[in-house]
Amino acid sequence: MTDKTLEQQPADTAEAAMNRVLEAEQAAARAVNDSEREANAILQAARQRARRIARRTDERITLINQQARQRLQQRLAEAEREEHLAEREREHDRRAALVDDVVTALAAGLTGGVDGD
């Protein structure tokens, strides 16, 4: 071997080593970029899933509120009907009592008895 060959070998070896380091750095940079893209894709998918869950939750809450409102309206309507019926019964009872009083007074007047006896 000549001196020129010996001188070129270390330089070639150093250049090859530098090329390997540069290639490794590039591969690492590509791996980082790929990981970032994958992380962004996962993040986007998670955000979409969260939006779907929130939408379904809102729909369920709306449905539950509608059902509760309908039940409340039904119960209020029932209570109003019951109150109306009770009022009619009380009015009927008052009228019946009045009729009883009138009949009693009329009977007492016709028979010569005292009112209320």
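These exercises walk through a predicted model of one protein.

**Exercise 1. The overall fold**

Task: State how many helices and strands the protein has, and what share of its residues is buried.

Solution: 
- Start with the elements. The protein has one helix and zero strands.
- Place the helix. Helix H1 covers residues 3-111.
- Turn to burial. Of the 117 residues in the protein, 1% are buried.
- The accessible surface comes to about 10,600 Å². Carbon and sulfur atoms account for 55% of that surface.

**Exercise 2. A charged patch**

Task: Find which residues form the positive surface patch, then decide whether Arg60 is buried or exposed.

Solution: 
- List the members. The patch consists of Arg47, Arg49, Arg51, Arg52, Arg55, Arg56 and Arg60.
- Pick one of them, Arg60. Arg60 sits in helix H1.
- Recall the cut-off. Exposed means over 50% relative accessible area.
- Apply the cut-off. Arg60 has 55% relative accessibility, so Arg60 counts as exposed.

**Exercise 3. The bridge between Arg37 and Asp34**

Task: Describe the salt bridge of Arg37 with Asp34, and class each partner by exposure.

Solution: 
- Begin with the total. The structure contains six salt bridges.
- Take the pair. The closest N and O atoms of Arg37 and Asp34 are 2.2 Å apart.
- Check the cut-off. A salt bridge needs a side-chain nitrogen of Lys or Arg within 4 Å of a carboxyl oxygen of Asp or Glu.
- Locate both residues. Arg37 and Asp34 lie in helix H1, three residues apart, which is about one turn of the helix.
- Class Arg37. Its relative accessibility is 52%, so Arg37 counts as exposed.
- Class Asp34. Its relative accessibility is 41%, so Asp34 counts as partly exposed. Partly exposed is the range between buried, under 20%, and exposed, over 50%.

**Exercise 4. A linked network**

Task: Name the residues linked in a network of salt bridges, and examine the pairs Glu83 with Arg90 and Glu91 with Arg94.

Solution: 
- Name the network. Salt bridges link Glu83, Glu87, Arg90, Glu91, Arg94 and Arg95.
- Look at one pair. The side chains of Glu83 and Arg90 form a salt bridge at 3.0 Å, N to O.
- Class these partners. Glu83, at 44% relative accessibility, is partly exposed. Arg90, at 35%, is partly exposed.
- Move to another pair. Glu91 and Arg94 form a salt bridge at 2.6 Å, N to O.
- Explain the spacing. Glu91 and Arg94 are three residues apart in helix H1, so about one helical turn separates them.
- Class these partners. Glu91 is partly exposed at 30% relative accessibility. Arg94 is partly exposed, with a relative accessible area of 44%.

Terms used
Residues are numbered from 1 along each chain as its sequence is written. This is a predicted model: local features need pLDDT of at least 70, side-chain atom pairs count only at pLDDT 80 or more; totals for chains, interfaces and linings use all residues. Side-chain values use heavy atoms; hydrogens and water are left out. Helices (H or I, at least four residues) and strands (E, at least two) are DSSP runs, numbered from the N terminus. Buried means under 20% relative accessible area, exposed over 50%, partly exposed in between (1.4 Å probe, protein chains only). Accessible areas come from the Shrake-Rupley method with a 1.4 Å probe; for residues, only the protein chains shown count as cover. Patches are made of residues with over 30% relative accessible area and no salt bridge: like charges are joined within 9 Å, nonpolar side chains (Val, Leu, Ile, Met, Phe, Trp, Tyr) within 5 Å. Lys and Arg count as positive and Asp and Glu as negative; His and the chain ends are not counted. The place of a charge is taken as NZ of Lys, CZ of Arg, CG of Asp or CD of Glu.
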